[in-house]
Amino acid sequence: MSLDTVAVATAHPDTEQPWRELGLKEDEYARIKEILGRRPTSSELAMYSVMWSEHCSYKSSKVHLKQFGEKAPHSDALLVGIGENAGVVDIGQGYAVTFKIESHNHPSFVEPYQGAATGVGGIVRDILTMGARPIAVMDPLRFGPADAPDTRRVLPGIVAGVGGYGNCLGLPNIGGEVVFDATYAGNPLVNALCVGVMRHEDIKLATAHGTGNLVVLFGAKTGGDGIGGVSVLASETFASGKAAKRPAVQVGDPFAEKVLIECSLEIFAEDLVVGIQDLGGAGLSCATSELASAGSGGMSIQLEKVPLRDPSLSPEEILMSESQERMCAIIEPSKLSRFMKICKKWDVTATVIGEVTEGKHLEITFNGELIVDVPPRTVAHDGPVYNRPIARPTYLDSLAPTSLPTLDSAAEIKSELLALISSPNIADKSWVTDQYDRYVQGNSVLAQPEDSGMVRIDEETNLGVAISTDANARWSYLDPYNGAKLALLESCRNIATTGAKPLAVTNCLNFGSPEDPGVMWQFAETVRGLADICLEMGLPVTGGNVSFYNQTGSVAILPTPVIGVLGVIQDVTKRTKMGIPAADLEVLQLGNTADNFSGSEWAHIHGQLGDLAPTPDIEMEVRLINLLLEAQPLLESAHDLSDGGLAAALTEATLRNSIGATISLPGEYIPGGVAAALFAETPGRILITVDPQNLAALEALAAKFEIPVHHLGKTGGDILLINDATIPLVELKEAHTATLPRLFG
Amino acid sequence: MRIGVVTFPGSLDDSSALRAIRLAGGVPVPLFHASDDLKEVEAVVLPGGFSYGDYLRCGAISRFAPIMSSIIIAAEHGFPVLGICNGFQILCESHLLPGALTRNQGLHFVCTDQPLTVENNSTPWTSGYTKGDRLVIPIKNGEGSFQASAETLHELESEGRVVLRYAGTNPNGSKNDIAGITNARGNVVGVMPHPEQAIESLTGPSTDGLTFFTSVLHSLVGR
């Protein structure tokens, strides 16, 4: 095939181009021609098509996401905000932490192992690119019904992929979620979070400036995998009858990424780069246009210099390839030899492919022929913006309140509790998490199933960070504005429960098709809620990710905003764990229970959804967080009440160290009775244990923060006794732990 | 007392092994695979990880690293060597230890707090334990199932060269519940569990692993 150069494009303006097949709309193609003053070359068309895809350009979400800027709270901690590869916050003692969550949903449906693996790989490179050493990962996952055949197809592969890649990188996996719901059948959600740490002075940015500086591609060679991944896969719903899309999924090589990490960190330590960007979605198209656009604007690239795994690749394919484990650095010529020496030490291929130029054009040649000549900003940032139609969905008018049994006997309490804690969403997740290395690096202070993951940052001072990811998609379905707020508050509570102070927020917004006005309404309401709550809580959003088109036919997934909150703890040795540590402790509940059954797991196992999500009480939640932080020395254990309510929390707290409890529930004082006390999911509650001699001090502190304290009972023994329902821990454990192995082998 | 830890491309628990040596009171010395210089260390740890991605057999490529030629020669002269997980696999590939580590019986990567029994406390790495001690140390591997011929197993058992055995449930199908072995001379030890991740109660399930590192320091002093 002959090369479509700029000269050819100018000479033959009417050549038919496959813009539609590349996912561009007619007006978008017209806009490209308007920008260039001619038709694009095929290479330019490839670049615009991937960069203007929903995944890269945020064209449907941009008009809403700007609220995160407009409503941003003042934060002294924020060092780098939204827009870079990942946000960076100051955690004190000269340390900066960067963290971000991203989705890899569509590739994981097509090819579960590689989709999930490269999802981990991509987010880790985003963190590395900031100049940070990656220190931990987390993975919130969502699947269709646990017993559905397709779930059995995708879940084992996704879990093995997350583990296979993360384990091989030496990154402890310290938490996440595994949630099952019918709407995720055919649309599994694979979100991956990574956190990294560096010194303040080591922060790196994705920018290309300094005329004459060199553009160096380093890491794996470029192959034919993942071509068009972002445009074809992430921005279109799956339709039956189309050709298999497997080739659009990238293939990961975690070993290559591990050496790339060590090599990059050594390069950073010697301050050898001006700017750096990883190659993820949209590959070289993205890296070159973003680096140039963030710098002075000019860059020339000789595309034939890109080392290829497959020598038959065309220039268009080289530009679109999403081959993994590649980075692009801008370096001063005087530092090239040192840079190359470090790459050689780690056996990392590094090649100068171009340089920063004067002017404002990104020019790419292939064997001397000019095939791309574009203003980089038009590729990277001036993509289309859509203000898509929004309409409140009609399903909201036909919701019915829950109608659940009252618990009148010990037998009912026991059978309902066992049914709940053995249901796939509440059951023990060790089958999944035991496939992840939580120990590597030797700094994991807390990992699943604790309320948040916690990592030690400094061995001398014991400074650490805690991270939690949360979403309650059913609440978001009932009320996306409050659902987003509740997810963030739960995440903050999980952080404070372990003894850390919430500091910053990242988010991964998973939704159906933006072309459906009802979905767009869910999205708009979610963003509005999230921006409002972040302002109200004074927490900066440091970055995030939007995943649309999680939809099969007309069925969209539940709106699933996954919120990640990062917290700081000054002394990790003081962290609070969730498990009951000893007998003869007082069992208390902080916060009041109401009959919040809508969207609860208990309603879910009874096949009901309900009508109203709880209304967040932000002022109370702030007082609760402050109480948890101040009361920390008095707490023997603490566990957030969320999915599955008190029943799930008691199960997890007793089974952790196999120490039982005797619980007395004053059902008559709670709206909804004993059933609500056990199974309602009223937000803003914590299960704690305290030594009897600290009880008065705890109650005084709680009174100071105006948080109600309810006496539930005492710890000890080998049974969980709830009113007169006796559940031996052996039986409880069997019910809680058998479900996932039974389903997945 | 200088104890080396080798970093191969893809080593992951090298930093934890260096920390364990430091907390045990030794001087940790990082060694790099591409050099044959042992930097005057008196014992060496081959840490866990996925050297060279483990895309061939685990440890099969690392066995040819320049540093291994020095280690193999030193080991034959009684130099204490501890291989942990991937390090154990490298020792088997190097024929410093018999047998092989194969894919776990359940075919999954398994990370769990593993109960173990100490079977041999006469090696420099286990001399601080008492025979029969029960330990809890993390295992985390995908290919930890120890396999050997009936002849080799008989030799290991009859010569008391099984160092650690899985207690309770065998997590991976290892023959005779074997979690760790030593060579005939007793200076080279390979274990699948990660003692370097059971050093501090803050980050590990126990501190049971520390004795591996204090043991070697004591045995070197006494030598």
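Biologist: Which residues have the most contacts inside the largest nonpolar core?

Modeller: Start with the general idea. In soluble globular proteins, nonpolar side chains tend to be buried together. Now the case here, in a predicted model. The largest nonpolar core has 245 residues. Those with the most contacts inside it are A:Met51, A:Leu193, A:Val195, A:Val465 and A:Leu488. Domain 1 (1-70 + 204-387) and domain 2 (407-442 + 576-745) of chain A both contribute residues, so this core lies between them.

Biologist: How far apart do the C-alpha centres of domain 1 and domain 2 of chain A lie?

Modeller: Those two centres are 49 Å apart.

Biologist: Take A:Leu193. What is it in contact with, leaving aside neighbours within four places in sequence?

Modeller: Its partners include A:Phe99, A:Lys100 and A:Ile101. A:Ile123, A:Val137 and A:Met138 are also among them.

Biologist: Now A:Ile557. Is it buried or exposed?

Modeller: Count the C-beta atoms around it; 20 or more within 10 Å makes a residue buried. A:Ile557 has 28 others within 10 Å, so it is buried.

Biologist: Where is the place of A:Ile557 in chain A?

Modeller: In the loop between strand S20 (555-556) and strand S21 (560-569). Leaving aside neighbours within four places in sequence, A:Ile557 has contacts that include A:Thr183, A:Tyr184, A:Asn187 and A:Asn510. A:Ser300 is 257 residues away along the chain, and its C-alpha atom is separated from that of A:Ile557 by 43 Å.

Definitions and conventions. Residues numbered from 1 in each chain as written. Chains lettered and ligands numbered in written order. Predicted model: local features only at pLDDT ≥ 70, side-chain atom pairs only at ≥ 80, totals over all residues. Core = buried A, V, L, I, M, F, W, Y, C linked by C-beta atoms within 7 Å. Buried ≥ 20, exposed ≤ 12 C-beta atoms within 10 Å, placed from the backbone. Domains from an automatic or database assignment. Contact = placed C-beta atoms within 7 Å. Helix = DSSP H or I, 4+ residues; strand = E, 2+ residues; numbered from the N terminus.
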